[in-house]
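Subject: Structure for you to look at

Hello,

Here is the structure I said I would pass on. Please open it before reading further; my notes follow below.

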Amino acid sequence: MEELKILVVNNHGQFCHLIHRTVRDLDMDTKIVSNTLSVDDILEEEPQGLILSGGPTMDRIGNCREYVENIDVPILGICLGHQLIAKTFGGEYGTGNHGGYASIDVEIIEENDILKGFGSSISTWASHADEVTRMPDNFLKLARSQYCETEAMKHPERPIYGVQWHPEVAHTEKGEELFLNFLETCDNY
């Protein structure tokens, strides 16, 4: 795979720099950018993919909804990024029944694109302080768990994906594979 330019959008999450390092270590041209940049500023960077980091609250997502609505490149939302994708397309998010970070066994429903080659389940590191409570209409559910019905999802037509868990942390199985699958999607788009 050729070197791709992937922007990591900083939503003030504690793992944003770890996402950046993971993508950089996969030999990609990557850069952390503020979520307050305009759509035009993002487009000037000529990214081939966007990763929306996790973060503490929907009040701090900056212009991420505009990026999702107006930038035609593959997008991966992680934790808060996953929730804001759901909200952007008419889904809902809210407080989960199981709060802080913990090991979560995730059932893979559809080995589609970003979960290609994952098998039936993986162990992940996730927070469910907030989670997607209703997936947007027509979205494809990719994964679920005993704690949350929408652990991963995909837009029905565009290459837009969300995962509740943190693939960038070492405790998550197949985290690097998820990023590689996303990068392959970016490369083929």
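Helices here are DSSP runs of H or I with at least four residues, strands are runs of E with at least two, and both are numbered from the N terminus.

Before the rest, a note on the source. This is a predicted model, in which local features need pLDDT of at least 70 and side-chain atom pairs count only at pLDDT 80 or more, while totals for chains, interfaces and linings use all residues. Residues are numbered from 1 along each chain as its sequence is written, and side-chain values use heavy atoms, with hydrogens and water left out.

Overall picture

The protein has five helices and 11 strands. Its radius of gyration is 15 Å, close to the 16 Å that the globule rule gives for 189 residues, so the protein is as compact as a globular protein of that length. That radius is taken over C-alpha atoms, and the globule rule is 2.2 Å times the number of residues to the power 0.38. The C-alpha trace spans about 40 × 35 × 30 Å along its principal axes.

Of the 189 residues, 53% count as buried. Buried means under 20% relative accessible area, exposed means over 50%, and partly exposed lies in between (1.4 Å probe, protein chains only). If you take the contacts with a separation of 6 or more, residues 24 or more positions apart account for 71% of them. A contact means heavy atoms within 4.5 Å.

Strands around β1

Strand β1 covers residues 5-10, and five of its six residues are buried. It pairs with two strands in the lines below, where pairing means that DSSP finds at least two bridges between the strands. With β2 (residues 29-34), β1 pairs in the parallel sense over six bridges; K5, for instance, has D29 in β2 as its bridge partner. With β3 (residues 49-52), β1 also pairs in the parallel sense, over four bridges, and V8 stands opposite I51 in β3.

Between β1 and β2 comes helix α1 (residues 16-25), and β1, α1 and β2 make a right-handed β-α-β unit. Right-handed means that, with the strands pointing away from the viewer, the path from the first strand over the helix to the second runs clockwise. In the loop between β1 and α1 you will find H12. H12 has a positive phi of about 70 degrees although it is not a glycine, and with a relative accessible area of 37% H12 is partly exposed.

Is α4 mostly covered or mostly open? Helix α4 is mostly covered, with eight of its nine residues buried. Among the buried residues are L80, H82, L84, I85 and T88.

How many aromatic pairs does a search of the whole structure find? The search finds one. The rings of F89 and F139 have their centres 5.5 Å apart and their planes at 45 degrees, so the pair is tilted. For Phe, Tyr and Trp (its six-membered ring), rings pair if their centres lie within 6.5 Å; planes under 30 degrees apart count as stacked, over 60 as edge-to-face and the rest as tilted. The two residues are 50 apart in the chain: F89 is in the loop between α4 (80-88) and β5 (92-95), and F139 is in the loop between β8 (130-134) and β9 (140-145). F89 is partly exposed at 27% relative accessible area, whereas F139 is buried at 9%.

K174 and G175

K174 is in the loop between β11 (160-163) and α5 (175-188). Its phi is near 60 degrees, a positive value in a residue other than glycine. The charged end of K174 sits over the ring of F118, 5.8 Å from its centre; the test is that NZ of Lys or CZ of Arg is within 6 Å of the ring centre and within 35 degrees of the ring normal. K174 is partly exposed at 31% relative accessibility. G175, in helix α5, is buried at 4%.

Regards
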